[in-house]
Amino acid sequence: MSKQPPNAQYISPQQLCIGLYIHLDLGWMEHSFASSHFKIKNQQQIDDIRKLGLKRIRYDPAVSDVKPIPIEDSPPPPVITETWNAEEEAVLAEKQSRIEQLKSIQNNIARVEHSFVRSVDTVRNITRDIYSRPAEAYAETNTLINKMLSCMVDHSDILIHAMGNHLGNNIYFHSMNVTVLSLMLAKSLGFSNTDMQDLGMAAMLHDIGKHDIPHKILAKTEPLTKAEQTIVEQHSGLGAAAAKKMGLSNAASLAILLHHEYVDGSGYPRQLTGDKMTPISRVLSLVNAYDNLCNPANGSPGLTPAEALSRMFIKQRAKFDDEMLNAFIKGLGVYPPGSLVRLSNDLVGLVLCVNSSNPMKPDVLIYDADTPKNEAVILQLANEPEIKITKSLRVAELSHETVEYLNPRTHVTYGMDTKTKSNSY
């Protein structure tokens, strides 16, 4: 590095002219000059120096032939202004609106996911304390259910979100899924506050009996033997007994006992028919069956939400209370949150959320290769009367690019939200 002359002064690149002796601080910059200090001989050197982007340059008055161009005489940098016509402004405004809309929905889902995970942590603590501290476990369950019920009672429009894969998939998430969807269904059926409370407690704790089933049987991925299946079926009775010790009501404890019964008598442990099952046990049985189809406990691939509802309606309809099954499908929509779908305009998308007041017209995130993912279009079908969903799709039917763009959920996890931020559970 050259030694700075004692009388060196700093000038801007706009003040350069032929005859100045300059010293350049080039560091590791690429340049075409033989030395970092020299006398400017031509305009080309001035142009090359300005292209370097230096903010200031040292020059030596003692060995320069001329003085720098005065700042007031140097030409100002050109001012570039962009002008937009009305059509371009409209396109820009629409693009910005899409970005803000997507950001808002993503923020809402992230907020609901955060609340969901906090609730799952509570369920994990409850399960751990059921036998050692049953009174505390009951109190925690009751508090959580009351929060959820308050959210549902205070707001007529409940949004059901499909949440991300990163949340995981285990017994605690299954319990939350079943609780969220059971309360949604019960609300649509006009259940009383007491029945909603009993149902919420039963749904949250319906699988606590599995705590006493050997883990190696529950974790088995291949088909269970007849003896193993008999052991697993004991969890209903074990769970009901634990619920009674915790202090749950008779109605809630009975619903836990009957959550694998079906109205056609094909369930267990008592092979009861519908007229022998309580309303809350019929709701719990239906929703539990749905979530098991979407998220099998043995880790095998689940059905899409739309496929699960279709199977329940077409092939398993006799197992469920007809009124409740119809209300459940209506509440989630034929294409529930998390469904990959094709629209009548041939676009492909992911159902993000369903508003319970208009379940047939969900919000759909649209795949468009020409639109960046962070600017993706979200079609609110409630505002698009000409567009409808025509088909449910599986991940295997989509290109790799489409899957990366839409990020469909491997495990479908549901959280509920209202339009008022402070009231999410």
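Reply: Buried means under 20% relative accessible area, exposed over 50%, and partly exposed in between, with a 1.4 Å probe and protein chains only. Gln271, with a relative accessible area of 45%, is therefore partly exposed. This is a predicted model, in which local features need pLDDT of at least 70, side-chain atom pairs count only at pLDDT 80 or more, and totals for chains, interfaces and linings use all residues. Residues are numbered from 1 along each chain as its sequence is written, and side-chain values use heavy atoms, with hydrogens and water left out.

Me: What is the phi of Gln271, and where is the residue placed?

Reply: Most residues other than glycine have a negative phi, and most peptide bonds are trans. Gln271, which is not a glycine, has a positive phi of about 50°. Gln271 lies in the loop between α9 and α10; helices (H or I, at least four residues) and strands (E, at least two) are DSSP runs, numbered from the N terminus. The loop between α9 (250–257) and α10 (279–294) also holds Pro269, and the peptide bond from Tyr268 to Pro269 is cis, with omega near 15°.

Me: Is Asp346 buried or exposed?

Reply: Asp346 has 53% relative accessibility and so counts as exposed. Asp346 is in the loop between β6 (340–343) and β7 (348–355), and its phi is positive, near 75°.

Me: Which residues have the most contacts inside the largest nonpolar core?

Reply: In soluble globular proteins, nonpolar side chains tend to be buried together. A nonpolar core is a set of buried Ala, Val, Leu, Ile, Met, Phe, Trp, Tyr and Cys residues joined through side-chain atoms within 4.5 Å. The largest has 58 residues, and Leu205, Leu286, Tyr290 and Phe328 have the most contacts inside it. Apart from it lies another core, of 15 residues, including Ile11, Ile22, Phe33 and Tyr59.

Me: How many disulfides does a search of the whole structure find?

Reply: A disulfide is a covalent bond between the sulfur atoms of two cysteines. The criterion is a pair of cysteine sulfur atoms within 2.5 Å, and the search of the whole structure finds zero. Cys17 counts as buried because its relative accessibility is 14%, and Cys294 counts as buried at 3%.
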